[in-house]
Each structure stands twice: as C-alpha cells, then as structure tokens.
Amino acid sequence: MSVDRKPDMRINRARRHFLGLSVATGARLMAIGSLAATLLPSSAQALGTKWWKKGDGDGGGDSGGMCFLAGTSIRTVAGAVRVEDLRIGDLVETVDGEAKPVKWIGYHSFRRNGRHWSRSAMPVRIARHAIDEKSPHRDLYVSRGHALYVDGVLIQAADLVNGTSITQAVPEGVETLDYFHIAFQAHEGVFAEGVAAESLLLKDGNHEIFANFAEYARLYPDDPHPAMIPFAPTVGYGGREHLKALIRLGAPRFAPKYEPARRLYERIAERAENSAV
C-alpha cells in the first residue's frame with residue numbers, strides 16, 4: 001500500500017468497522033429474544049432442550065451454537081465428504097496431520113417463520129478465498145459461534161463479519177437450515193471447504209443442545225458429560241473491540257497495541273477491500 005492511499009484507506013476501514021459493529025453487536029443483542037419469536041420449534045426444543053444460548057460456544061462466547069451448514073465439504077482420508085454424509089468411525093483429516101475417527105455427529109434444524117430468518121440462526125458466509133488465496137475452496141457456511149482456526153488461534157465466525165467477504169447470509173433456495181457438528185475423542189481442527197475449523201468441543205453436557213442428544217447417551221453411557229480441552233487458544237473480537245479499532249483508525253498514534261483477533265479481522269477485511277479494487 002502506498003503512503004498516498006493511507007488516508008483514504010483509513011476512511012474506508014473506519015466505515016467497514018462501523019458496518020462490522022452494527023452486524024456483530026446488533027445481531028448479538030437480538031439473538032436470544034428474536035429466536036423464540038421467529039423460529040418454529042424444532043424437535044430438540046420440543047423436548048425441552050435449548051440450542052442457541054449464551055455459553056454454548058467453545059470458550060464461553062455469546063454467539064450460540066457451533067455447527068457446519070449442510071452441504072459443507074469435510075476433508076477425509078477418502079476425499080471430500082459432505083458433513084451430513086459423514087458417519088461414526090469415518091476417518092477425518094485433522095490440522096495436526098493425523099486422521100481421526102468420528103466419535104459422534106450432532107445435528108439441529110431451523111425453519112423460518114414468514115419471509116425472514118432470525119439473525120441468530122442465520123449462518124455466517126465466508127466467501128471463496130476470503131481467508132487467503134486458496135481457502136475456502138468455495139463459500140463456507142457455519143453458525144455464528146463456530147470457530148475457525150487461523151494463524152494459530154480459534155476465532156468465532158461472528159467476530160470476523162466485515163460486511164463484504166464475511167457476512168451473515170443464507171444460501172439461495174435454502175428453506176431449512178440444517179446444521180451438523182462433528183465430535184472426536186478430543187477437540188480437533190478439521191478442514192471444511194479447505195478452511196481449518198474446530199470440531200465439537202464437548203463439555204458441560206453441551207451435546208444436549210442437539211436434536212439427537214439421546215443418541216450420544218445411548219452410545220456412550222460411561223461418558224455422559226465429557227470435558228474436552230481446546231486444542232488452541234481462543235480469541236474474541238466483539239462489538240467493544242470494533243469500537244476500539246475504529247478509534248485507533250482515527251487516531252493511530254494513541255491506538256492500543258494490536259491483539260490477535262484484531263489483526264485477523266483487519267487482515268481478512270483488508271484482503272476483501274483490496275480484492276474489490
């Protein structure tokens with residue numbers, strides 16, 4: 001980037017942070033209240049369980065459940081397999097270079113009530129090549145609370161929303177949001193459309209948030225409440241951090257030191273901006 005373009009770039013990036021703030025914090029504030037009013041009850045909700053609530057994420061985040069949208073390709077030893085077609089025992093390639101057998105797959109579904117989806121249930125769309133020149137291979141859709149593994153840390157998809165290359169959106173023609181998540185013996189990183197993303201971090205009985213939670217209890221009666229440890233550190237970049245970044249862009253000399261989440265957000269958002277030029 002040339003020195004002459006810096007003022008314009010700061011203005012553009014400031015606007016982008018305003019958009020990110022409105023999307024990330026606005027959706028977060030309305031998530032819990034709007035869900036009950038706008039979604040039809042799913043099978044799990046009918047059984048008295050909750051799926052989208054504060055604390056269901058990997059490290060206590062407030063963006064809700066963590067899942068891959070149906071149709072997402074997962075890298076296995078047999079090649080790319082859609083997440084909904086995976087079966088217990090299938091060998092999935094992980095970020096540590098080893099293939100691990102699937103222990104369990106949780107699922108949940110949402111239907112919209114009327115013309116609009118609840119923002120809390122809408123997936124986050126990571127556009128093709130949004131992360132780097134090779135990934136994702138095609139648009140990747142995950143739930144808001146699902147963490148990607150980028151630059152050695154885990155960060156929730158909702159914290160990367162920038163209004164351009166990463167947005168909340170539903171694939172065209174989709175009438176039901178079917179979410180699936182993969183559990184292994186431990187917390188792992190897997191490849192979804194070529195992007196490293198987390199597997200299900202089982203802890204505090206959170207398998208009960210899925211519609212088929214009874215299956216887990218039947219398969220693993222001696223392990224009713226597993227407690228996994230995250231395979232990588234988790235960073236967050238919520239609404240307050242967006243505001244801090246905005247202030248920093250306007251007054252860089254007084255800016256706080258970059259944090260991993262901020263660096264990730266700005267690198268990916270700047271990549272989207274440069275691609276659009």
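## Close-up views of the predicted model

**View 1. Surroundings of I166.** Leaving aside neighbours within four places in sequence, I166 is in contact with V124, R125, I126, A130, A157, L160, V161 and I268. These contacts, like everything described in the views below, belong to a predicted model. I166 is also a member of the largest nonpolar core, where I166 is among the residues that touch the most other members.

View 2. The largest nonpolar core holds 33 residues, and F68, I74, I126, L148, I166 and I182 touch the most other members. Two or more residues each are given to this core by the strands β7 (124-126), β8 (140-142), β9 (147-150), β10 (153-156), β12 (176-183), β13 (189-192) and β14 (195-198), and by the helix α5 (260-276). The largest share, 3 residues, comes from α5. In soluble globular proteins, nonpolar side chains tend to be buried together.

**View 3. The ring pair of W104 and F210.** The model has 5 aromatic pairs. One of them is formed by W104 and F210, an edge-to-face pair with 5.9 Å centre to centre and 80 degrees between the planes. The pair links distant parts of the chain: W104 is in strand β6 (residues 104-111), F210 is in the loop between β14 and α3 (213-219), and 106 residues separate the two. W104 and F210 are both buried.

**View 4. The rings of Y216 and Y220.** The ring centres of Y216 and Y220 are 5.0 Å apart and the planes are at 45 degrees, so this pair is tilted. Y216 has 0% relative accessibility and therefore counts as buried. Y220 has a relative accessible area of 22% and is partly exposed. Ring pairs link Y216 and Y220 with W104 and F210 into a cluster.

**View 5. Charged side chains over rings.** The charged end of R75 sits over the ring of F191, at 4.1 Å from the ring centre. K103 lies over the face of Y220, 4.8 Å from the ring centre. Y220 is also a member of the ring cluster with W104, F210 and Y216.

**View 6. H181 in strand β12.** H181 has its place in strand β12. With a relative accessible area of 0%, H181 is buried. Not counting residues up to four places away in sequence, H181 touches M66, C67, F68, W104, I105, G106, H146, E198, S199, L200 and F210.

**View 7. R111 and T176.** R111 has its place in strand β6. The C-alpha atoms of R111 and T176 are separated by 4.8 Å, while the two residues are 65 residues apart along the chain. R111 is partly exposed, with a relative accessible area of 46%.

View 8. Most residues other than glycine have a negative phi, and most peptide bonds are trans. S135 and P136 are joined by a cis peptide bond, with omega at about -5 degrees. P136 has its place in the loop between β7 and β8. E193, which is not a glycine, has a positive phi of about 55 degrees. The place of E193 is in the loop between β13 and β14, and E193 is buried, with a relative accessible area of 5%. D204 is not a glycine either, and has a positive phi of about 55 degrees. D204 lies in the loop between β14 and α3 and is exposed, with a relative accessible area of 72%.

View 9. The protein chain has 5 helices and 15 strands. Of its 277 residues, 49% count as buried. Among contacts with a separation of 6 or more, 70% are between residues 24 or more positions apart. The chain exposes about 13100 Å², and carbon and sulfur atoms supply 53% of this area. The mean pLDDT of the chain is 77, and 68% of the residues reach 70 or more. Over residues 21-64 pLDDT stays under 50, and the model has 102 contacts beyond four places in sequence for this segment. Over residues 253-258 pLDDT also stays under 50, with 8 such contacts in the model. Where pLDDT is low, the predicted coordinates should not be read in detail.

Note on methods: Residues numbered from 1 in each chain as written. Heavy atoms only, no water. Core = buried A, V, L, I, M, F, W, Y, C linked by side-chain atoms within 4.5 Å. Buried < 20%, exposed > 50% of the residue type's maximum accessible area, 1.4 Å probe, protein only. Helix = DSSP H or I, 4+ residues; strand = E, 2+ residues; numbered from the N terminus. Contact = heavy atoms within 4.5 Å. Phe/Tyr/Trp six-rings, centres within 6.5 Å; stacked < 30°, edge-to-face > 60°. Lys NZ or Arg CZ within 6 Å of the ring centre and 35° of its normal. Areas by Shrake-Rupley, 256 points an atom, 1.4 Å probe, with all protein chains shown as cover. pLDDT = per-residue confidence, 0-100.
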